[in-house]
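Visitor: Hi, could you walk me through this one? I'd like the overall picture, then some detail.

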Amino acid sequence: MPPLTRQINVTYRCGMMYRDHQLKDSDMNGCQTPYLLPLFRNPGMTQEELAAWLCVNKSSVTRQVAALEKQGYIQRACDPKDRRVLRLYPTEKALAMQEQLKTMLGDWRAYLVQDLTEEEQATLSSLLDRVARRAEAYVKGGEGSCISSEHT
């Protein structure tokens, strides 16, 4: 059996290249799309919440949010209840790209599974979800999960 992590990494990197190609006429790149998608569903997340949602380091979120803010896709605002907390919001520029991004990701998913039956697709999704949850449990010491099917 080929190494699972290699298969996952190759799929992820090819997906990144696909997104880069699809976004070549914009000032956004494939690495940035995962940082915007949760904000479309949950505007006002903090950077810490975004990092937990994406299962990435806070420093990665800081870098990507700074770039997206500079490009005009994200705006930070102080929480009205606690001025020390910064909330993240998609800008009009980001919201204008929302459908394009969702379509792009849906097209990539459809391309990946086009040779699978609906049953195989459901099985694959279920198995990958279990693997992801197992990986999260290791990283989080058995606590909670940052990936759920409602976020993907």
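Guide: Happy to. One term before we start: helices here are DSSP runs of H or I with at least four residues, and they are numbered from the N terminus. By that numbering, V65 sits in helix 4. Keep in mind that this is a predicted model.

Visitor: Good. How many helices and strands does the protein have?
Guide: There are 6 helices and 2 strands. Reading from the N terminus, the order is α-α-α-α-β-β-α-α.

Visitor: And what does the C-alpha trace span along its principal axes?
Guide: About 50 × 40 × 25 Å. The protein has 152 residues, and 28% of them count as buried. Its accessible surface is about 10,200 Å², with 54% of that belonging to carbon and sulfur atoms.

Visitor: Back to V65. Is it buried or exposed?
Guide: V65 is buried, because its relative accessible area is 0%, and the cut-off for buried is under 20%.

Visitor: What is V65 in contact with, leaving aside neighbours within four places in sequence?
Guide: Q47, L50, I74, R76 and L88.

Visitor: How many salt bridges does a search of the whole structure find?
Guide: It finds 6. One of them pairs E49 with R87, at 3.6 Å from N to O. That pair links distant parts of the chain, since E49 is in helix 3 and R87 is in strand 2, 38 residues apart.

Visitor: Which residues are linked with E49 in a network of salt bridges?
Guide: D79 and R87 are linked with E49 in that network. As for accessibility, E49 is partly exposed at 38%, and R87 is partly exposed at 21%.

Visitor: Let's change topic. Which residues of helix 2 are buried?
Guide: Helix 2 covers residues 33-41, and its buried residues are T33, Y35, L36, P38, L39 and F40.

Visitor: And what covers the buried residues of helix 2?
Guide: The cover includes helix 1, helix 3, helix 4, strand 1, strand 2 and helix 5. On contacts across the protein, taking residues at least 6 apart in sequence, 50% join residues at least 24 apart.

Visitor: Now the outside. Which residues form a nonpolar patch on the surface?
Guide: L4, I8, L124, L128 and V131, with about 350 Å² of accessible area together. Helix 1 (4-22) and helix 6 (118-139) are the elements that give two or more residues to the patch.

Visitor: Which helix gives the largest share?
Guide: Helix 6, with 3 residues. L124 lies in helix 6, and L124 counts as partly exposed because its relative accessibility is 34%.

Visitor: Last one: how far apart are the mean positions of the positive and negative charges?
Guide: They are 7 Å apart, for 20 positive and 19 negative charges.

Definitions and conventions: Residues are numbered from 1 along each chain as its sequence is written. This is a predicted model: local features need pLDDT of at least 70, side-chain atom pairs count only at pLDDT 80 or more; totals for chains, interfaces and linings use all residues. Side-chain values use heavy atoms; hydrogens and water are left out. Patches are made of residues with over 30% relative accessible area and no salt bridge: like charges are joined within 9 Å, nonpolar side chains (Val, Leu, Ile, Met, Phe, Trp, Tyr) within 5 Å. Accessible areas come from the Shrake-Rupley method with a 1.4 Å probe; for residues, only the protein chains shown count as cover. A salt bridge is a side-chain nitrogen of Lys or Arg within 4 Å of a carboxyl oxygen of Asp or Glu. Buried means under 20% relative accessible area, exposed over 50%, partly exposed in between (1.4 Å probe, protein chains only). Contact means heavy atoms within 4.5 Å. Lys and Arg count as positive and Asp and Glu as negative; His and the chain ends are not counted. The place of a charge is taken as NZ of Lys, CZ of Arg, CG of Asp or CD of Glu.
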